[in-house]
There are 2 protein chains.
Amino acid sequence: MLRSARDVSSKPAVTIYEIAKHVGVSPAAVSSALANRHVERRLSADTVRRIRVAARELGYVPNMAGRRLRSHRSATRQFDLAILTSFEAPLPLVAQVLRALQRAVDAATTEHTRYDVAIEMFHAGRLREKPGLLNADRYHGVILTNTLPVDDEFLADARLPYPVVILGRRIPRYCCVLESPDAVGRRAAELLLEQGCRKVAVLHGRQLTYTTSDRLGSFTRALRERGGADPIDLSCDGLHPRDGAAALADYLAKHGEIDGLFAVNDSLAAGAYDAIRAAGRKIPDDIVVVGIGDYELAEYLDPPLSTVAGANDAMVAEAVPMLFRLLRGDADLPREVVVVPPVIRRRSTERR
Amino acid sequence: MLRSARDVSSKPAVTIYEIAKHVGVSPAAVSSALANRHVERRLSADTVRRIRVAARELGYVPNMAGRRLRSHRSATRQFDLAILTSFEAPLPLVAQVLRALQRAVDAATTEHTRYDVAIEMFHAGRLREKPGLLNADRYHGVILTNTLPVDDEFLADARLPYPVVILGRRIPRYCCVLESPDAVGRRAAELLLEQGCRKVAVLHGRQLTYTTSDRLGSFTRALRERGGADPIDLSCDGLHPRDGAAALADYLAKHGEIDGLFAVNDSLAAGAYDAIRAAGRKIPDDIVVVGIGDYELAEYLDPPLSTVAGANDAMVAEAVPMLFRLLRGDADLPREVVVVPPVIRRRSTERR
DNA sequence: CTTGACTGCTAAATCCATTTAGCGACGCTC
DNA sequence: GAGCGTCGCTAAATGGATTTAGCAGTCAAG
């Protein structure tokens, strides 16, 4: 097979020294040829060709650490920062964090201090498999968000050897920035009860994050405290609008009535709009709807969607300076900052 | 000032050797203390303390390249891949690229070959200022997207010393994956003319990317070819729904009529919905609306928004394997792949 | 007084790629 | 045949951190 001649991915890696030995030249020659410096270094065309062929055959992949070490301007401090989030999470919060972080970094950059910011992702629930997470050789500091409970357990037991700020979760021994754990559910319940709703449902994804559990729990508690019935639990296959539409349509077709709906994000709420419309009900007169997150398009649904905004702005505004303080090594840091989410009232909760 | 005692960011960086000299111990001791290995290496508590104090005072920042070089399991090939995009760009495409890339990477990972994928961002129009872009010491390969024309010019003149796939632009000497440059505008024009529109407007951001120019140009050309009048040009301050709403409301208030609207993305279209509704018109009967991009919530606007989908799926499906082929060093690569965007017809373009 | 254990530290090798200085061979000139 | 230039390549130093092997010195046990 032609393929196997080139498929070296399961063989051990090679360095320029091995290529050099293989070709019968010095490592210097190999380096020069592979960096396209062969003209100024006066290597013969044939030597260059033989080196290139060997590099391909052996599956040479340059070691960036080696290169960077060598080319590093030694008077410069370099901070490598990362935002770690799960693939499955929505990106707006991450983008917000990134922008805030970049602003801070732009301001802190000097002649002798540089920063590098990247977003890296892990599979939700499999944070522990993320390579290099437990090593001290990758990041100078990290903002970590969108973990699942199993990730949080892993973190609680692990010790990451660099500064970490956790966004949106409370995990022992870490610096955490989170929204007031029960504010979201409580505010949503208040909005619905205020409009006179008596029979409400919650719409959520099947997989519950800590945050979502908190929100649902506090929603139920707030309903009870104010004399309402427990909510009807509608679980969706995913977090896409179509999942919300399907779950609610199914319920409406089979069981009948609700007069209020709390969706754990605005996408599910948008899907619910569709199901409600299809069932011939009106928002908010027949069913009052509240979402979470204030997605960009929430205002442009018909009627505009009321939403308990995840307190993203405020969280980001706390998390970024906190990371910098950790990097600086400030000892007297608050371990936990709690912010309170605002409520954005629109017509989906304004009965006449 | 207390602050200046610690503010070392503008002084040259230090290494463990300098700390060692400063404290009067060996670099080995410094390394052990800073890596929290002092117990097993039997350093005295006082030595550890003095090292820590010196490290803080001198503003020590570990050099990750040095660490990684040392700790690298030498049998492992490591590829560092990045998706480079601008801060100002919408994220859905980037997220899609990332997921596809990660899938490919997960499949290609073996015992001796590892991959690292990150999203990195640059300020739109200032790609040239991105540090390390021209060095060969950061990335093994890159997918680059959401550039502005000035970035494209920079790229056309530059030579990036690693494999690059450009997404959504055509730049000489690079491997590019892009949508058919005039298909989007043409399809949008066809949709509007088909519904009998005679007086149409385009809604776009003030800053025109290459892609947007192409789309607007081909839209105008297609209208002309089919005997329509040139579109009315509505320029918005930004790309947020509220910018679209403002621009269209302004136009409707002052000048009066249109019967068709082409918005260069679904966010602007959503804003336009609002302005149209506020002006007492109906979609699609008074004004037919077409967007671009098929955003998640487009289907849930009222009426559901027709959209010429940026051919993201198809582009991503081409770009990721192309990057891998470049990494493998395949010589016979197509320089350019053009994909054709699909049209998603919904009720915003279905007059009765 | 010898042996062994322990304490607290250091010297030197190592990771990988790049670059500078320079070596040997050859051909040419005078 | 001495001097010079060119060609094609190599040896060795370099970048920063980590780790292994081991060196002095002290103390206690035998």
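Student: How many bridges join strand β5 of chain B to β11(B), and do the strands run parallel or antiparallel?

Tutor: Keep in mind that this is a predicted model. Strand β5 (residues 175-179) of chain B is joined to β11(B) by four bridges, and the two strands run parallel. One bridge has C176(B) on one side and E336(B) of β11(B) on the other.

Student: Which helix of chain B packs on the sheet there?

Tutor: Helix α12 (residues 312-328) of chain B does, touching β1, β3 (141-145), β4 (164-167), β5 and β11 of chain B. The direction of α12(B) makes about 175 degrees with that of β5(B). In chain A, helix α12 (residues 312-328) lies across β1 (77-86), β3 (141-145), β4 (164-167), β5 (175-179) and β11 of chain A. The angle of α12(A) to β5(A) is about 175 degrees.

Student: In what order do the strands of the sheet follow one another?

Tutor: The order is β11(A)-β5(A)-β4(A)-β3(A)-β1(A)-β2(A)-β2(B)-β1(B)-β3(B)-β4(B)-β5(B)-β11(B). These 12 strands form an open sheet with mixed pairing. At the edges are β11 (336-339) of chain A and β11 (336-339) of chain B, each of which pairs on one side only. On average, neighbouring strands are turned by 20 degrees against each other, with direction ignored.

Student: In which sense do β2 of chain A and β2(B) pair?

Tutor: Strand β2 (residues 113-122) of chain A pairs with β2(B) in the antiparallel sense, over two bridges. I119(A) has I119(B) in β2(B) as its bridge partner.

Student: How is the relation between two copies of a chain described?

Tutor: In general, a rotation about an axis and a shift along that axis relate two copies of a chain. The same surface serves both copies, as 98% of the contact residues of chain B recur in chain A.

Student: How many residues does each chain give to the contact?

Tutor: Chain B gives 62 residues and chain A gives 61 residues. On the side of chain B that touches chain A, the elements that give two or more residues are α5 (64-71), β1 (77-86), α6 (92-108), β2 (113-122) and α11 (266-278) of chain B. The largest share of that side, seven residues, comes from α5(B). By class, the side of chain B that touches chain A has 25 nonpolar, 19 polar and 18 charged residues.

Student: Which residues come nearest to DNA strand D?

Tutor: There are 31 residues around DNA strand D, and S26(A), S74(A), T15(B), A28(B) and N63(B) come nearest. Both chains take part: α3 (27-34) and α5 (64-71) of chain A, and α3 (27-34) and α5 of chain B, each supply at least two residues of the surface near DNA strand D. With five residues, α3(B) gives the most to that surface. The residues of this surface divide into 14 nonpolar, 11 polar and six charged.

Student: How are two packed helices described?

Tutor: The description uses the angle between the axes and the distance between them. For example, α3(A) and helix α4 (residues 45-58) of chain A pack at about 85 degrees, with axes 9 Å apart. The two helices, α3(A) and α4(A), are therefore roughly perpendicular to each other. A29(A), V30(A), A33(A) and L34(A) of α3(A) make the contact with T47(A), V48(A), I51(A), R52(A) and A55(A) of α4(A). The residues of this contact divide into seven nonpolar, one polar and one charged.

Terms used. Residues are numbered from 1 along each chain as its sequence is written. Chains are lettered from A and ligands numbered from 1 in the order in which they are written. This is a predicted model: local features need pLDDT of at least 70, side-chain atom pairs count only at pLDDT 80 or more; totals for chains, interfaces and linings use all residues. Two residues are in contact if their C-beta atoms, placed from the backbone, lie within 7 Å. Ala, Val, Leu, Ile, Met, Phe, Trp, Tyr, Cys and Pro count as nonpolar, Asp, Glu, Lys and Arg as charged, and the others, Gly among them, as polar. Two strands pair if DSSP finds at least two bridges between them. A residue is near a molecule or strand if its C-beta atom, placed from the backbone, lies within 6 Å of it. Axes are lines fitted to C-alpha atoms, for helices over the stretch in contact, and angles run from 0 to 180 degrees between N-to-C directions. Angles under 35 degrees count as roughly parallel, over 145 as roughly antiparallel, 65 to 115 as roughly perpendicular and the rest as oblique.
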